[in-house]
Amino acid sequence: MTTTAPVAGPVDFATYGDYTVKAATRPDGSFARPLYRFRDRVTADGDGGFPAEPGRYHLYVSLACPWAHRSVIVRALLGLEDVVSMSVVDPVRDGRGWAFREGPGHGPDELNGFTLLREAYEATEPGYDGHVSVPVLWDRRAGRIVSNNFPDISLDLGQAFGRWARPDVDLYPEDLRAEIDALNERVYADVNNGVYKCGFAESQEAYDSAVTALFAALGELDERLAGRRYLFGDRITEADVRLWVTLVRFDTVYVTHFKANIRRLSDHPNLWRYARDLYADPAFGGTTDFGHIKRHYYGTHPKINPLRIVPAGPVVDWSL
């Protein structure tokens, strides 16, 4: 496609260095995730100033990032591709952060012409000097970020846009919300964020604690899925989306890169069957780009992989 939108210059670690996450370091060496600055909500009735409207909102995402991948999956599951537009950043970031470049599966920002995602943050809050993360939900009308708080974005896509969404999909059913919330809290702490706590641990004690909690949680989830198709029976919910984005990256990057290597995903029979079943759904498998995932993780964490060599494998058969 021909475009006149500008793009960022090539990745240049020599000039710009590595991107540094702005987060406090804990004394015990454990990983602390940075805070998310923008936390407004889109609602069906517009309570709070951001009503759901077709064509008003835009997602900025990375296909490499599990937090952003959630939003991409929910958008696809609900059939909102023509309601909420989307731009994909380069999976590799230098000191300038997430950027828009031409490449396989990513490209320019056709909406605003930003070359760096930081520009969206600065347009929303002049002088912004915090962490620049994906996903970002952008309001075309207001010309600002609504939210960069990833849990809220996927929930709002699922709840606020019901008039335009597939009627047969309800990812957050009223009768299961308390149970979904409780499971999501555990999965976030020990699995979604747990792999990062393994990979970014700066002490043996912090790593040992994180990896023990991670595999205890995976073992419990494997048992939960014995005899049931999804986490809550026969219907896909928000909980499945949140868990799956970690599972699909597990054997490809987390086992080696983050040292989450007590067992592979494929060593958990029920989780492995469940993950491949969801992968067969185009909203899950069709939005997964293992090239982006590997280039991002192996190419942008110099403390873990200082030579930035991207491994050829593993070869994982995701077919059922």
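This is a predicted model: local features need pLDDT of at least 70, side-chain atom pairs count only at pLDDT 80 or more; totals for chains, interfaces and linings use all residues.

Guide: Residues are numbered from 1 along each chain as its sequence is written, and side-chain values use heavy atoms, with hydrogens and water left out.

Visitor: Why is the aromatic pair of Tyr36 and Phe150 called edge-to-face?

Guide: Rings of Phe, Tyr and Trp (its six-membered ring) pair if their centres lie within 6.5 Å; planes under 30 degrees apart count as stacked, over 60 as edge-to-face and the rest as tilted. The structure holds 29 such aromatic pairs. For Tyr36 and Phe150 the centres are 5.3 Å apart and the planes stand at 90 degrees, hence edge-to-face.

Visitor: What makes the pair of Tyr36 and Phe150 tie together parts that are apart in sequence?

Guide: Tyr36 lies in the loop between α1 (13-16) and β1 (57-61), whereas Phe150 belongs to helix α4 (residues 150-160), so the pair joins parts 114 residues apart in sequence. Helices (H or I, at least four residues) and strands (E, at least two) are DSSP runs, numbered from the N terminus. Tyr36 and Phe150 are both buried, and ring pairs link them into a cluster with residues including Trp67, Tyr188 and Tyr297.

Visitor: How do you know that Arg96 sits over the ring of Tyr16?

Guide: The term requires NZ of Lys or CZ of Arg within 6 Å of the ring centre and within 35 degrees of the ring normal. The charged end of Arg96 is 3.8 Å from the centre of the Tyr16 ring. Arg308 likewise lies over the face of Phe13, at 3.5 Å from the ring centre.

Visitor: Why does Trp98 count as buried?

Guide: Buried means under 20% relative accessible area, exposed over 50%, and partly exposed in between (1.4 Å probe, protein chains only). Trp98 has 3% relative accessibility and therefore counts as buried. Trp98 is found in the loop between β2 and α3, and the residues that it touches (heavy atoms within 4.5 Å) include Ser62, Asp90 and His296. UniProt, in an unreviewed entry, places a "binding site" at Trp98; such annotations may be inferred rather than shown by experiment.

Visitor: Which residues does UniProt list for "domain: GST C-terminal"?

Guide: The unreviewed entry gives residues 173-300. Over residues 173-300 the chain is 66% helix and 0% strand, with the end C-alpha atoms 38 Å apart.

Note on methods. Lists of a residue's contacts leave out its neighbours within four places in sequence.
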